[in-house]
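Below are some remarks on helix packing and on a few individual residues. Please read them with the model open.

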Amino acid sequence: MWLSDTWRDYQLLDTGDGMKLERWGEILLARPEPQAIWPQQEQAAWQQADAVYHRSSEGGGHWEFRRTLPDAWEVTYGRSLRFQVRPTGFKHTGLFPEQATNWDWMAQAIRGANRPVSVLNLFAYTGGATLACAAAGASVVHVDAAKGMVAWAKENAQKSKLESAPIRYIVDDALKFVQREERRGHRYDGIVMDPPSYGRGPNGQMFKFEKDVYPLIQACARILSDTPLFFVLNSYTAGFAPAVAGNALTCALPKGHVQSENIGLPMGRGMVLPCGATARWTPWR
């Protein structure tokens, strides 16, 4: 498993009984975690949670705030990446800390290239991968269908002092954007995508992972440069093992090496919480 284990402003304190207890900076949040089927261990720590997300039997849920919290606050990753986090109505905070292992891997590849590198980030959310790649020296095109997420990514870039970095922010449907890039003749040295299980484009286009992700990968393969660095596919879709993502990249991009693994977070007691599946493609050298 690929672990994101170098955080200082984030810590997974405990899990169990379908929940996870996390430290975001100085604030403790308790959120649902369906995979945590074991019992909670650190009972005293759970009592210190500043806010708890309760699921509704009818779907969705709500936050119970046990003390007044700021609307948003910052957490830092590494030396320079700063992110604004806040409890949203869908239990999320605007950041997936387990993705740091992918940020580090891409940043290392970019720095090691010793040449200009262009990266396309699809389903780019609030910009974790975008900022990691930009901080490593790449020019990045950041694409997400949600205008609010793109605005949040811009805020994160400003906090990370990357507001002047070569980042283009695009609100668009991923496949339509990639198809236009192909017609324009635009090419990328690196592509990273984190597609949802289900999603909608800005004009209501439906996206379903098992039906739509492979045609998107194929379209992306056609806009890789002649000297590509990487292709990263991440999935949180339940029931899809890492090998599924790996097989998809192997079929779409046969001239390279593929590694696939779960990504996760350490949680003490020698245990790890699996948080998703990632496949990484690199070209033959």
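1. A crossing of two helices is called left-handed if the near helix is turned anticlockwise from the far one by less than a right angle, and right-handed if clockwise. By that convention, α5 passes α6 in a left-handed crossing. The model is a predicted one, and the points below should be read accordingly.

2. The axes of α5 (residues 174–184) and α6 come within 9 Å and cross at roughly 25°. Angles under 35 degrees count as roughly parallel, so α5 is roughly parallel to α6. On the α5 side the contact involves A174, L175 and V178, which meet P215, L216, A219 and C220 of α6. By class, the residues of this contact are seven nonpolar, no polar and no charged.

3. From α2, the contact draws on W103, M106, A107, I110 and R111; from α3, on G128, A129, A132, C133 and A135. Eight nonpolar residues, one polar and one charged make up the contact of α2 with α3.

4. Helix α3 also holds T130. Is T130 buried or exposed? Its relative accessible area is 1%, and T130 is buried. Beyond its neighbours within four places in sequence, T130 is in contact with N121, A124, V140, H142 and I167.

5. Which residues of helix α7 (residues 242–252) are buried? They are P242, A245, G246, A248, L249 and A252. Viewed down the axis of α7, these buried residues fall within an arc of 160°, so they line one face of the helix.

6. E163 sits in the loop between α4 (147–159) and β11 (167–171). With a relative accessibility of 52%, E163 counts as exposed. Not counting residues up to four places away in sequence, E163 touches A157 and Q158. The C-alpha atoms of E163 and L131 are 9.9 Å apart in space, with the two residues 32 apart in sequence.

Note on methods: Residues numbered from 1 in each chain as written. Predicted model: local features only at pLDDT ≥ 70, side-chain atom pairs only at ≥ 80, totals over all residues. Heavy atoms only, no water. Buried < 20%, exposed > 50% of the residue type's maximum accessible area, 1.4 Å probe, protein only. Helix = DSSP H or I, 4+ residues; strand = E, 2+ residues; numbered from the N terminus. Arc of directions from axis to C-beta. Contact = heavy atoms within 4.5 Å. Nonpolar A, V, L, I, M, F, W, Y, C, P; charged D, E, K, R; others polar. Axes fitted to C-alpha atoms, helices over the stretch in contact; angles between N-to-C directions. Parallel < 35°, antiparallel > 145°, perpendicular 65-115°, else oblique.
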